[in-house]
Structures are given as C-alpha cells and as structure tokens.
Amino acid sequence: MMEDTKEREEFYAFEEKMDDKEEQKWSGMIPISISMRPEEVCSIDHPEPYFVLVPRFARLTAFHGWFENGDIGRYFQQFRLMSDSSSSSSQASASASVLMNTAENTKSGGGGGGGGDDDASNENGESDDTAVNATEKKSRKKSSSLHDAWFETKPLDVDVYDSRRGLMRKKKLSIPIRWNVPFGVVADILRALTTTTTSPRLLLPLELVARYSQRDELGLSFRHAVGEDAQKACKSHFFNALKEASFIQTGSSQVVMSLGVQARDDLWESTMTKGTMGVGDESVHGNERSGYEKAKEALTKIHKEARKREKKMNAGGGGAVPIRAYEVDVMRQGAEDDDDGDDIDDGQGFWERCVRFSSAPVARNLSIAECLDDVMFPDDDTNSREERGRRVKIEGIEIDEAKPVGVLWNALSAPDGFMHIVVIKNRSITK
C-alpha cells in the first residue's frame, strides 16, 4: 500500500513538473503563406495569399481541411474549377426541381405512370428518397474532391552539389511537402535546404503553393491517393505511429488501443490546435482547451504505462525510446557512381536523394551523438563526418549532441510518441 502511494506521488510530481514544458512544446507554430499555381486559377483575379500559423505537430493536408472547418479550401475554391462547380450545382438544382415536381404530381394524383401510388419511383425503380440520397452523396463526394490538396514550395534557390565540377550551384526547385511527417519537421528540413553556413536565410513565412489537381507521377508520400480522405489517412498514419512508439516503450500497443473514442479524437485534434489560449481566444471549433490540454488525458495514460515498464527494468539503462531521424545532405545526390547524380529535375528527386530517413528504438542513456552514429546512421564515414560537421535540431531547437536521449525525449517527444531529429550536414566544401 505504501509503495502504491509513493508511486502515485512520484508520478503526480513528475506530471506537474512536465505540464509547463509540454504547454511550451505545443506552442510551436510555423507561419506560412499559401497561394495557387497560375495555371490552376480559373478567374480573372488571382487570389491573394492565405496566411496562417500551422502547429508544428500538424500534418499539413489534414490541417488544410480541418482549420476553420475547411476555410482554406473554401477561400481558393472561388478561384478554381468554376465550370465544374457551376455545372455541378446546376445539375443538383435540376435534379431537385424534377424530384419536387414528381412529388407534387404524385400527391395531386396526376402525371406519369406513378398514378396515385404513395411510393413514387423513378425510371430505374428507385424511390425519390433514394434518388435524393444518391444526389446528396455525389454532391458531397464532389465537394470533398474540390477541397483535397497537396502542397509544394514556391520555386526555391536550393544549393546543389555538382560532383563533376566539385562546387555548389543554385537550382530552382519546387519541393513537394510530405503529408505523413509533422509539419515542424518539414519546416526544419526546408530551412536546412535553403540556408547555407555562410549566408543564413530564414524563410518566414514559408511560401507554399496549394495544388488541387492530381499529379500521377508524384509519390503517395506527397499526395493522397485519388478519392482518399486526407483527414482519415493522416489520422490513421498518426495512430499507427503512436502504436509503434508504445510498443517500443512498453512491449505492447494495448494502452493505445484501449483509449476511448473521445480521448483519441482529442489527441488527434491536439496536433492541429494552438498550444495556449489567451483571454477571449478560442479554438476554431469553439473549444477553449489548448493543444496540450486536449492531449493530456491520452498522453498521461501512455506515459504512466511506459514509466511502469521502465521501473521493472534495470535502473542502469532505463529502457528504450522511439526515435525518427531525417538527415539532410545535399552532397549525397552527387555520388560519383551515379551518372546523373548531380542532375535533379524536380523537388521529389531532391527529397529522395538528399534526405535520408531512419526509425529505431534507442537506449535512454545514449547521447544524441551515439544515437545518430551508432543506431540511426551507422554507415556514415567517420572522417567525412568530422570534416564536414553537422547540426542537430529537435522541434526547431539546435541541440548539443552530448545530451542524453532519454532526457530530451521526455521534453521534446511529439504526440505520435516519437522524437523527431533533423540532422543537417554542413555544406561548406573544403578545398
């Protein structure tokens, strides 16, 4: 009994201590401006950019449909697909008129082969209600497709290493945004791609372009499949990551599976909600809770289970934590064994060649340097690493590599259970 009481006191003390830090973590926001590609604008006037603050934990395609109940999509809809939209609404109006006339004729006993039957049917044998429902579903599907989007940057002057000439050169690239990565990580990577050691440039706001037309050759890491609901896809990916993270820490994903519907919804929405609420400030759905307050119930349950697991293990190591790392290196694409290694035609190719991804469980007592060199990217050449150097960022904060992984994970892990590390290779070339 005494042990249970002591354990509860320790946990509540830890929880109270972490609350302030968690609130600060949820306050991270990235200012962006969203515009449209000129070829997708179907109006005389080109729309002004849409400015918004995006939480670091948000998945951008999900945030696009969630923010202000789809306000971003509605804003741009008036400038695009005018003919499709008009014809769709005209057809819907015509269908409604036909159904209303049929209903009136049926009630008055006149018109057509329906006679005086109460359950009037159309020529396909469907009832009017069935036809109305089908029309509504088709309309909803059309509306949903109009609001689906994928994103890319405006053309950026990106530093590219030309291995044939042995020097850096500028190349203009529009880089597509990964929907399955927290937006804060994407922002850190984009800044790394456009910031040199000799000429640092912070792109704020990040200038993005919303694309509403499909691009079939673009990988599904950047756009959703045709007809796929962005909200559902992002939410599913988020909870799959959380279950994986829970399994790494506790040996089971049961604690995530046992979360109630409301707790799961709150945790998901917390990733798209600002961290703190000021006086008179409320979230887009009229809920005055901050992002962390929404996530607190679910995260408290998950963290409590993880701490129980760690107490059962040897005190020395203290278990493992889930880590995901993204190594940005513009020189990797210039490999000598690749004939066209220094000829990248689009932003998708730049991601594939210059950003390396790794995901693994890492012991809490390892330093960040040991985590990266021995676990995440063990095949890196040591001499090359020392010559060129690197910078390490977690949630936009530059990190000392001597710091222990466990302490940083406690403070900087994301709601999906992983700590996301961005590793930026130094681009200066020593002659």
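**Reading the predicted model: rings, cores and confidence**

Visitor: Which residues do ring pairs link into a cluster?

Guide: Ring pairs link Y50, Y75, F76, F79 and Y212 into a cluster. Rings of Phe, Tyr and Trp (its six-membered ring) pair if their centres lie within 6.5 Å; planes under 30 degrees apart count as stacked, over 60 as edge-to-face and the rest as tilted. This is a predicted model, in which local features need pLDDT of at least 70 and side-chain atom pairs count only at pLDDT 80 or more, while totals for chains, interfaces and linings use all residues. Residues are numbered from 1 along each chain as its sequence is written, and side-chain values use heavy atoms, with hydrogens and water left out.

Visitor: How many aromatic pairs does a search of the whole structure find?

Guide: The search of the whole structure finds 10 aromatic pairs. One of them joins F76 and Y212, a tilted pair at 6.5 Å centre to centre with 50° between the planes. F76 lies in helix α3 and Y212 in the loop between β6 (206-211) and α7 (230-250), so the pair ties together parts that are 136 residues apart in sequence. Helices (H or I, at least four residues) and strands (E, at least two) are DSSP runs, numbered from the N terminus. Both F76 and Y212 are buried, where buried means under 20% relative accessible area, exposed over 50%, and partly exposed in between (1.4 Å probe, protein chains only).

Visitor: What kind of aromatic pair do F238 and F239 form?

Guide: F238 and F239 form an edge-to-face pair, 5.1 Å centre to centre with 90° between the planes. F238 is buried, with a relative accessible area of 0%, and F239 is buried at 3%.

Visitor: Which charged end sits over the ring of F239?

Guide: A charge sits over a ring if NZ of Lys or CZ of Arg is within 6 Å of the ring centre and within 35 degrees of the ring normal. The charged end of R264 sits over the ring of F239, 4.2 Å from its centre. Likewise, the charged end of R324 sits over the ring of F418, 4.0 Å from its centre.

Visitor: How many residues has the largest nonpolar core?

Guide: A nonpolar core is a set of buried Ala, Val, Leu, Ile, Met, Phe, Trp, Tyr and Cys residues joined through side-chain atoms within 4.5 Å. The largest has 70 residues, and those with the most contacts inside it are I32, I34, F63, F183 and I189. Helix α6 gives the most to this core, with 8 residues. In α6 (residues 183-193), 11 of its 11 residues are buried. Not counting residues up to four places away in sequence, I189 touches Y326, V328, W351, V355 and V422, a contact being heavy atoms within 4.5 Å. A second, separate core of 20 residues includes I323, I368, M376 and F377.

Visitor: Where does E395 lie, and what is its phi?

Guide: Most residues other than glycine have a negative phi. E395 has a positive phi of about 50° although it is not a glycine, and its place is in the loop between β9 (390-394) and β10 (397-398). At 14% relative accessibility, E395 counts as buried.

Visitor: Where does pLDDT stay under 50?

Guide: pLDDT is the predictor's confidence in each residue, from 0 to 100. Where it is low, the predicted coordinates should not be read in detail. Residues 135-146 stay under 50, and the model has 7 contacts for them beyond four places in sequence. Over residues 334-342 the pLDDT is also below 50.
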